[in-house]
Each structure stands twice: as C-alpha cells, then as structure tokens.
Amino acid sequence: MNTVQFDLGGGAVLALPTSTVAEKLIGSLKQATTPVTGHHKIGEYLSGQGGIYIGDIRGDDGVLYGLVTPNQDVGTAAWGPEGDLDMSAWDGLSNTNALSVKYPAAKLARNYEADGHCDFYLPSRREMMVALANAPDLFEKSSWYWTSSLRGSYPWAVYFENGDVGRYNRNYEFRVRPFRRFAI
C-alpha cells in the first residue's frame, strides 16, 4: 500500500494511504467557493485598484493585465502638438510615459489619482477597444474619446455610441478617460 508521510515535528510522522489523501484533497477542492485569484466581474469596482474593472489585455511584454477605469471622465483636451512619435497600439502606459507635458490629453490622464494609485494613463487604441467591447455603458455616448495610439501622425479616437474608431487632428478637443492596469 502506498502512503504519504507528513512530518509533524519532534520525530513524529503521520502516514496515510494515498487514496485517502487524494479523496480528501479532491473533496476539499470541490467545496471551495473562493473565486480564482485575478478573476473579476466586468463592471465591478475593484477596491484598492482605483476604478471599475473593464477586462483583460495581454501586453507587448506577454503579461496578462487587468484594466480599470474610473466611472467618470477627467475632462476634455486636445491630443497635442505635431511631431513624429512611435506609439504602441497595445501599451497605453508606455505611450503616455513617452508623451511629455506638451500633450494635454496624456497629461490629463496621467494626473488622475485614485485609491492611492498615481499610475493612470491615456489608454491605447486596443485598450480602449476592450472597454468598448466590455463596458460601453461607462462612457458618454455624445463625444469621442482620445487614445494614446497613432496611425501615421493622427491619433485614434473612439466613439461609444456606435463603436466608431477614427483618426483625427491632434487639435480637436475630445474626452479623456484614464486607465490603469495591474498584472494578473
């Protein structure tokens, strides 16, 4: 008979049949009601994370991130001045970090703080598409929202009423909604 031995300390050892240990472990796992770590409900406010959970995205670095956003915009702003920039379609955090204080929309998003977090940023186009797919009701329908992604020299913006995504002049004033992410 195969056994599993547990060292109880002080020289004491407990030996149990493997079938008994397996049955108890499987029974315990079946009764567990604790949610899986990292699994959150779309639209749920995540206490301590600074916003409402809107979904997951895999970053350029291969890490799976959860995305949160506050339930209100932080204002409207122009995207920013002309100039050649290399922006990611996926990574709003690195995009925002690359934009200087000369870029009003990114600055507005970067200045937002909640639940002790000051790492908010202007989301990338694909991060904003996660919000469009999962939580469109959190966004105003009457205006466009800036992203930090570019196509050529034109920034992408998203319109939540009908799901349009378009490129616009950097001088237009659109809504700004900050995002932040956390590793899952």
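The model is predicted, with local features needing pLDDT of at least 70 and side-chain atom pairs pLDDT 80 or more, while totals for chains, interfaces and linings use all residues. Residues are numbered from 1 along each chain as its sequence is written, and side-chain values use heavy atoms, without hydrogens and water.

Me: Why is the pair of Trp79 and Tyr103 called edge-to-face?
Reply: Rings of Phe, Tyr and Trp (its six-membered ring) pair if their centres lie within 6.5 Å; planes under 30 degrees apart are stacked, over 60 edge-to-face, the rest tilted. The centres of Trp79 and Tyr103 are 5.5 Å apart and the planes stand at 75 degrees, so the pair is edge-to-face.

Me: What makes this pair tie together parts that are apart in sequence?
Reply: Trp79 lies in the loop between β6 (75–78) and α2 (92–98), and Tyr103 in the loop between α2 and α3 (104–110), so the parts tied together are 24 residues apart in sequence.

Me: Why is Phe174 called buried, and what is Tyr172 called?
Reply: Buried means under 20% relative accessible area, exposed over 50%, partly exposed in between (1.4 Å probe, protein chains only). Phe174 has 8%, so Phe174 is buried; Tyr172 has 42%, so Tyr172 is partly exposed.

Me: What makes Arg125 count as sitting over the ring of Trp156?
Reply: The rule asks for NZ of Lys or CZ of Arg within 6 Å of the ring centre and within 35 degrees of the ring normal. The charged end of Arg125 is 4.9 Å from the ring centre of Trp156. Arg181 likewise lies over the face of Tyr65, at 4.3 Å from the ring centre.

Conventions: Helices (H or I, at least four residues) and strands (E, at least two) are DSSP runs, numbered from the N terminus.
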